[in-house]
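Reader: I have a model open and some questions about its fold. Shall we go through them one at a time?

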Amino acid sequence: MAREVRHQIAARRVNTVGNNSVSDPRPPRGRRTIKEALCPGAHRIGNMNPAVQHAREHAFQETLLSARRTMLASEILKLAIDSFRSSKLRFALTALGMVIGTASVILVVTIGLTGRQFILNEIQKIGTNEVEVEYSGASGVGAEKVIYNDFLTREDEKAVLAQVPSVVASSPVLETHDRISFGGGVVKDTLVLGVSPQYKDVRNLTILNGRFFDDEDQNAHIMCAVVTMPFAREMFGSADAAVGQTFSISGIPFTIIGTFKESVDTFGETEIADETILIPFSVARYFTGTDNVKQIYFTIRTMEEVPDATREIQRVIKSRHKPNSVYTTFDLRELLTMASRISMALTAVLVLVAAVTLAVGGVGIMNIMLANVRSRIREIGIRKALGATYREIKLQFLAEAVIISLAGGLVGCFVGLAVPLSIRLFTDYPLPISLWSVIIALAAATGVGVVFGTVPATRAAQMDPVEALKYE
């Protein structure tokens with residue numbers, strides 16, 4: 001009887017174990033599934049909301065992918081640096097082309113900006129704040145057009161000074177000609193301009209010897225004159241000898257009190273000829289018998305106010321004359337804009353020429369990297385045999401090309417900036433330095449490394465590991 005009871009208990013235990021092994025899906029105690037090993041707590045996630053479960057699994061996968069990429073990038077950089085340490089001379093010679101290229105870009109931009117600044121300064125010497133108003137005739141046709149002359153007057157100048165506050169100086173120009181005897185039987189038709197004392201500042205004239213006539217000379221109707229250098233040399237031999245000498249205009253003696261020239265060469269775009277005499281406007285009226293003038297110069301307070309001031313000057317003058325009279329205004333804004341565009345275009349062309357040097361440096365990098373790939377075939381085969389992927393091999397050699405190019409670019413930027421900074425430090429000439437030239441040079445150097453490093457990197461990544469390992 002006792003033996004039968006023991007047999008029934010044993011049979012019951014066997015059935016219980018069998019049922020558990022079939023119905024219980026959980027693993028035995030102490031053992032974990034693959035999902036639990038990769039993601040602890042996965043058995044708890046299965047009982048969660050599907051949206052929460054998906055979000056946690058996605059976050060876990062992103063973490064693994066980020067860690068893998070970080071390790072891959074650091075490993076690639078370490079391998080590239082180790083490669084450079086083993087061949088420092090090759091690295092330096094390869095980067096030399098990029099040093100020259102980036103330095104050339106920065107220096108070319110500096111030279112272009114210097115030329116632009118010089119041109120604009122020369123134009124500004126003529127008078128960027130200057131507005132010239134000139135009588136152009138009547139707007140009628142045929143006989144109606146020549147039936148009257150409506151010249152500018154000194155009263156127009158005074159009206160503009162009173163109504164346009166941005167005008168700070170002005171001068172009328174009364175033009176006449178006279179036959180002047182230069183001695184030795186030489187007589188020339190010479191230009192005589194009657195102007196106000198402000199004409200020197202309005203037209204930015206440079207007084208070489210003596211002085212310019214002032215308001216006292218103007219109000220007292222002093223018979224004085226300021227002449228050009230060619231006039232002084234031809235009549236009296238030199239500019240110094242001309243000051244204090246006397247000559248005649250229409251039989252009236254005038255004393256030379258100074259000689260002058262224009263600040264810059266205007267290439268004939270001026271009312272001043274080679275042999276010109278400037279006399280006070282109040283004296284010039286005696287030769288013409290009228291206050292009528294053909295042109296008036298105005299100086300505006302700032303260049304930014306020139307457009308508005310020009311419109312106001314036009315309005316004031318037209319309100320004082322007949323409706324059909326035409327008065328034309330001129331200023332140097334368009335000339336400045338054109339000069340700036342031309343200089344920037346020339347700078348861009350020079351930068352493109354300098355970019356050829358960068359391309360030559362890029363070809364050098366590609367050739368050296370191709371030779372580098374060939375000398376490291378067995379290394380590439382071993383890396384592939386150990387599990388390196390196509391992407392890893394390609395990134396390794398591409399990173400080496402970019403590092404070479406970027407290192408050369410940094411050194412080139414230092415060299416390119418050292419030259420203008422040295423000139424600014426040891427001379428009084430402020431060479432302009434553009435930060436954009438540095439940014440463009442570094443960006444170009446990086447781009448050259450990527451473009452010219454792609455071919456050798458792709459060739460290395462496409463190698464067959466079996467053939468690479470057999471390579472001698």
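Author: One definition comes before the rest. Helices (H or I, at least four residues) and strands (E, at least two) are DSSP runs, numbered from the N terminus. The model is predicted.

Reader: Is serine 250 buried, partly exposed or exposed?
Author: Buried means under 20% relative accessible area, and exposed means over 50%. Serine 250 has 46% relative accessibility, so serine 250 counts as partly exposed.

Reader: What is the phi of serine 250?
Author: Most residues other than glycine have a negative phi. Serine 250 is a residue other than glycine, yet its phi is positive. The value is near 55°.

Reader: Which loop holds asparagine 204, and what is its relative accessible area?
Author: Asparagine 204 is not a glycine, but has a positive phi of about 50°. The loop is the one between α7 (199–202) and β4 (205–210). Asparagine 204 is partly exposed, and its relative accessible area is 26%.

Reader: How many helices and strands does the protein chain have?
Author: The chain runs to 472 residues, of which 39% count as buried. Its accessible surface is about 26,800 Å², with 60% belonging to carbon and sulfur atoms. The counts are 17 helices and 10 strands.

Reader: Are α15 and α16 roughly parallel or roughly antiparallel?
Author: Helix α15 spans residues 390–426 and helix α16 spans residues 435–461. They pack at an angle of about 150°, with axes 7 Å apart. Angles over 145 degrees count as roughly antiparallel. So α15 and α16 are roughly antiparallel.

Reader: Which residue classes make up the contact of α15 with α16?
Author: The crossing of these two, α15 and α16, is right-handed. By class, their contact has 19 nonpolar, seven polar and one charged residues.

Reader: Is valine 160 buried or exposed?
Author: Valine 160 lies in helix α6. Beyond four places away in sequence, it touches Val167, Phe298, Ile313, Val316 and Ile317. Its relative accessibility is 0%, so valine 160 counts as buried.

Reader: What covers the buried residues of α11?
Author: Helix α11 covers residues 281–288, and Phe281, Ser282, Val283 and Ala284 are buried there. Just after α11, glycine 289 takes a positive phi of about 75°. The cover includes α6, β2, β3, α8, β7 and β8.

Reader: How far apart in space are lysine 322 and aspartate 150?
Author: Lysine 322 lies in the loop between α12 and β10 (325–330). With 44% relative accessibility, lysine 322 counts as partly exposed. Lysine 322 and aspartate 150 are 172 residues apart in sequence. In space, C-alpha to C-alpha, the distance is 7.4 Å.

Note on methods. Residues are numbered from 1 along each chain as its sequence is written. This is a predicted model: local features need pLDDT of at least 70, side-chain atom pairs count only at pLDDT 80 or more; totals for chains, interfaces and linings use all residues. Side-chain values use heavy atoms; hydrogens and water are left out. Buried means under 20% relative accessible area, exposed over 50%, partly exposed in between (1.4 Å probe, protein chains only). Accessible areas come from the Shrake-Rupley method with a 1.4 Å probe; for residues, only the protein chains shown count as cover. Axes are lines fitted to C-alpha atoms, for helices over the stretch in contact, and angles run from 0 to 180 degrees between N-to-C directions. Angles under 35 degrees count as roughly parallel, over 145 as roughly antiparallel, 65 to 115 as roughly perpendicular and the rest as oblique. A crossing is left-handed if the near helix is turned anticlockwise from the far one by less than a right angle, and right-handed if clockwise. Ala, Val, Leu, Ile, Met, Phe, Trp, Tyr, Cys and Pro count as nonpolar, Asp, Glu, Lys and Arg as charged, and the others, Gly among them, as polar. Contact means heavy atoms within 4.5 Å.
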